[in-house]
Amino acid sequence: ELEGRVERELGEKKFRARQLYSWMYKKRASSFDDMTDLAVAFRAKLKEVAAVDSLVLDGVRHSADGTKKVLVRTAEGAVVETVVIPGEGGRVTLCVSSQVGCALNCQFCFTAKMGLRRHLHAAEILDQVVFVQRMLDEAESEGSRLSNIVFMGMGEPLHNYDNVIRAVNVCIDDRALGFSHNKVTVSTSGLVPEIRRFVSDTKANIAVSLNATTDEVRDWIMPINRKYDLEALMSVLREVFPKKGRGDNGSIQKKVFFEYVCLKGVNDTIDDAKRILRLTAHIPCKINLIHFNQHDGSEFEPSSRETMLAMQDYMVRKGMTVTIRHSKGDDAMAACGQLGKPGDRPGPPRMRVPQKFEASVKNTVERKPRLAREAK
């Protein structure tokens, strides 16, 4: 695509596009003047018709645990949030956003209260990665390196399918960002047709946000389930991730990563653990239990650590691989499910609470955030 534009619109040879591609992603140039092996005349043409970055850095919010929420702004002024999560041995995971807001209205997610403002272009998704890479380059003495990219920020990645696939494939292209396909993971709430396409269109990993074990609960907390219910979701996963060999679409990923946000009194019983095992019985997978991170106006509360450990213990004893994801960045509103800023615009409607769960969510929880430091 870039070769065609360079040849057609700028009158340059195709190899110039390959040089430009390398400067943009592998060398992470911040200006055309930095691209020293490009002809001066070619750089002048680029300055007239293009910009190196599609986003502008707007600020960084720091959490006490070392997590950073990086705020970037689009050309029209929309704020996009991406999260830098420190790990062991200097490894860093980057959680990128794919949309401004989200259309899927998951009831436990703060981003959902924005509704969908717009899709991000592939360049805007990739700029989040490049910006953070530059930040880490500048702080080289700290010994941190970006090791993993997860598409788990603002938005439903597979709802913005074409732009996300372009961005993912640049991430795993050795000529560009050069991440291993095993280190790039895209999360979805369960868009069935796009899951089937995904495993054919990229080698990156896919994670599925499950969060409920019955259609009654999932219809409520994840309205996408009303279009693609649990049976439809599990059927496509059994198709593309069979227990033996590759799926019909040639998937090379060995296991599905199921994410499960634990909500007190809603989806956190041993019966739920049993149903998780039944739902996933014919799908090679790992389960990641996630602590629910509260936010202003949330009607849900997090499950206790004891409850989550009990669910984990039950499933592990039955042979399932189960991890618990501990919250990071909560004091800076940078944790899972906390990104975005709804503002004054009316948000999507809240879903009707099934009667038997009314006692679990009857009180709106007012969040009391700890102080977070901000730097511009």
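Biologist: Does N288 count as buried or exposed?

Modeller: A word on the source comes before the reply. This is a predicted model, in which local features need pLDDT of at least 70 and side-chain atom pairs count only at pLDDT 80 or more, while totals for chains, interfaces and linings use all residues. Residues are numbered from 1 along each chain as its sequence is written, and side-chain values use heavy atoms, with hydrogens and water left out. As to the general idea, buried means under 20% relative accessible area, exposed means over 50%, and partly exposed lies in between, with a 1.4 Å probe and protein chains only. N288 counts as buried because its relative accessibility is 18%.

Biologist: In which strand is N288 found?

Modeller: Helices (H or I, at least four residues) and strands (E, at least two) are DSSP runs, numbered from the N terminus. N288 belongs to strand 11, which covers residues 285-291.

Biologist: With which side chain does the side chain of N288 make a polar contact?

Modeller: A polar contact is a pair of N or O atoms within 3.5 Å; within protein, one must be able to donate a hydrogen and the other to accept it, and residues adjacent in sequence count only if both atoms are side-chain atoms. The side chain of N288 pairs in this way with the side chain of T323 at 3.2 Å. The N288 side chain also reaches a backbone atom, the nitrogen of R325, at 3.4 Å.

Biologist: Which residues is N288 in contact with, leaving aside its neighbours within four places in sequence?

Modeller: Contact means heavy atoms within 4.5 Å. On that basis N288 is in contact with F258, E259 and Y260, and also with T323, I324 and R325, once neighbours within four places in sequence are set aside.

Biologist: Where is the place of T67?

Modeller: T67 sits in the loop between strand 1 (56-62) and strand 2 (68-73). T67 is buried, because its relative accessible area is 1%. The side chains of T67 and D65 make a polar contact of 2.8 Å. Beyond four places in sequence, the contacts of T67 include R61, H62, V83, K328 and A334.

Biologist: How many residues apart along the chain are K26 and D174?

Modeller: K26 and D174 are 148 residues apart along the chain, with their C-alpha atoms separated by 8.5 Å. Not counting residues up to four places away in sequence, K26 touches Y21, D174, R175 and A176. With that exclusion, Y21 touches L2, K26, V170, D173, R175 and A176.

Biologist: Which residues does F42 touch, not counting residues up to four places away in sequence?

Modeller: F42 touches V6, L10, E12 and R16 under that condition. F42 is in helix 3 (residues 40-49), and counts as buried because its relative accessibility is 0%.

Biologist: What is the phi of N211?

Modeller: N211 has a positive phi of about 70°, although it is not a glycine. This residue, N211, lies in the loop between strand 9 (205-209) and helix 7 (215-221), and is buried at a relative accessible area of 0%. R28 likewise has a positive phi, near 55°, and is a residue other than glycine. R28 is placed in the loop between helix 2 (14-26) and helix 3.

Biologist: How many helices and strands does the protein chain have?

Modeller: The protein chain has 11 helices and 13 strands. Of its 376 residues, 53% count as buried. Residues 24 or more positions apart account for 66% of the contacts with a separation of 6 or more. The C-alpha trace spans about 70 × 50 × 40 Å along its principal axes.
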